[in-house]
Amino acid sequence: MDNFFYFIEKPFLKKSLPPLFFAIGSACFIFLAINNNINAIFKALLRVGFLGFFFLLFLSLINYLILALAWKSISKKLNFFQIILSRMIRDSAGSCLPLSQIGGILIGTYATITLFQKKKAHELTDAEKENLAATSNLMDVTLEAIAQVLFIFTALFLLLISHQNGDVYFKTVGVSALLLSLGLYLFILIQRNLQTTTNFLNKYITSKKWKNLLKEKISQLNYQFLEIWKNPHNILKGIFLHYIAWTYSAFLTWTALHLLKMPISWKDCFIFEGISCGIISTFFFVPTSIGIQEGAYISLGYLFGVPAEVSFSLSLLRRGREIFIGAPILLLWEIRQLIKNSQQK
């Protein structure tokens, strides 16, 4: 067991793998762009125009309200402003920075800690703020993942009954969704039995460093997780709102395709978003899903009669939305932190 912890602490894993995956994904991105006529891609984007693009930005911001409500349903101790900003920072870190989704979650957790209001910050110790931020972020990610699995399975069902030529996607994405479900089940099991899991691990850990870390952190985290899980109504509400948010993302894709003058039916758009979501989730370790998202969009575009250059443009529109929202949010948060740190000195 100690060898495992030594392995995951190796600098190669921490520093080299994310850039390596990002480089491979970027190479795929460039290959797909060149292979699918860059001029045709830009012509497709010009159909949207500035007004169309800013309309998509506005619609994207509405989705953050739904996501914040979903998070708020299981985190009563966090205020709504803190939640919506933390959520935006978490997503922005994952979509604008060369980080994996796990890196985005870590930055989102840190953002939650820094965004406590002064009154609340004085009432809680640093350890309590850290535990509250960690459990609320992890629980929100868990509920979102549950809703995501339901969303993917809904898309697979619609694909099965309406597109006989989508058999390959049904099998491959179906297997991925089942594996995701299994991993999610184990993650929930650990959350609900955190102390038991820790006691089991401690039997095989001889490193004092890891033993002390687990002993110090787990008891409070265990209490926070159990407090959330003992309210099934709030859990179901959070899952439902996250499912609405995933459905809303399909609406954003439907709107973007209409702006690209390549409309497809709402049902096909739901399938498109759900299947692409399943593919991207499989390659969660690739920072910003660079290359993966474009490949998934182009591949699925053929299924629904969408030309490759339009599918690639659709992916660029999504990335453009994420950057135009994410970059200012990250910059403003960083400036706020610099001002706050200078005042403390």
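Q: How many helices and strands does the protein chain have?
A: The protein chain has 14 helices and 0 strands. Bear in mind that this is a predicted model.

Q: And what pattern does the chain follow along the sequence?
A: Read in order, the pattern is α-α-α-α-α-α-α-α-α-α-α-α-α-α.

Q: What percentage of the residues counts as buried?
A: 47% of the 345 residues are buried. The accessible surface of the chain is about 18,100 Å², and carbon and sulfur atoms account for 70% of that area.

Q: What about contacts, how many join residues at least 24 apart?
A: Taking contacts between residues at least 6 apart in sequence, 76% join residues at least 24 apart.

Q: Let's look at helix pairs. At what angle do α3 and α14 cross?
A: Roughly 45°, with the axes coming within 9 Å. α3 covers residues 38-72 and α14 covers residues 308-344. The two helices are therefore oblique to each other.

Q: Is that crossing left-handed or right-handed?
A: The crossing of α3 and α14 is right-handed.

Q: Which residues meet there?
A: On the α3 side they include Ala 40, Leu 45, Phe 53, Leu 56, Ser 60 and Tyr 64. Those on α14 include Glu 309, Phe 312, Leu 316, Arg 321 and Phe 324. By class, the contact of α3 with α14 has 16 nonpolar, 3 polar and 3 charged residues.

Q: Switching to Leu 252, where is it?
A: Leu 252 sits in helix α11, residues 232-259.

Q: Buried or exposed?
A: Leu 252 is buried, because its relative accessibility is 4%, and the cut-off for buried is under 20%.

Q: What does Leu 252 touch?
A: Leaving out residues up to four places away in sequence, Leu 252 touches Leu 56, Leu 59, Ser 60 and Arg 321. Leu 56, Ser 60 and Arg 321 are also among the residues where α3 and α14 meet.

Q: How far apart are Leu 252 and Ser 60?
A: They're 192 residues apart in sequence, and 7.4 Å apart in space from C-alpha to C-alpha.

Q: OK, another pair: at what angle do α7 and α12 cross?
A: Roughly 125°, and the axes of α7 (residues 126-162) and α12 (residues 266-282) come within 8 Å. That angle makes α7 oblique to α12.

Q: Which hand does that crossing have, left or right?
A: The α7 and α12 crossing is left-handed. Residues making the contact include Phe 151, Ile 152 and Leu 159 of α7, along with Phe 270, Gly 274 and Cys 277 of α12.

Q: And how do the residues of that contact divide?
A: The contact of α7 with α12 has 10 nonpolar, 6 polar and 2 charged residues.

Conventions. Residues are numbered from 1 along each chain as its sequence is written. This is a predicted model: local features need pLDDT of at least 70, side-chain atom pairs count only at pLDDT 80 or more; totals for chains, interfaces and linings use all residues. Side-chain values use heavy atoms; hydrogens and water are left out. Helices (H or I, at least four residues) and strands (E, at least two) are DSSP runs, numbered from the N terminus. Buried means under 20% relative accessible area, exposed over 50%, partly exposed in between (1.4 Å probe, protein chains only). Contact means heavy atoms within 4.5 Å. Accessible areas come from the Shrake-Rupley method with a 1.4 Å probe; for residues, only the protein chains shown count as cover. Axes are lines fitted to C-alpha atoms, for helices over the stretch in contact, and angles run from 0 to 180 degrees between N-to-C directions. Angles under 35 degrees count as roughly parallel, over 145 as roughly antiparallel, 65 to 115 as roughly perpendicular and the rest as oblique. A crossing is left-handed if the near helix is turned anticlockwise from the far one by less than a right angle, and right-handed if clockwise. Ala, Val, Leu, Ile, Met, Phe, Trp, Tyr, Cys and Pro count as nonpolar, Asp, Glu, Lys and Arg as charged, and the others, Gly among them, as polar.
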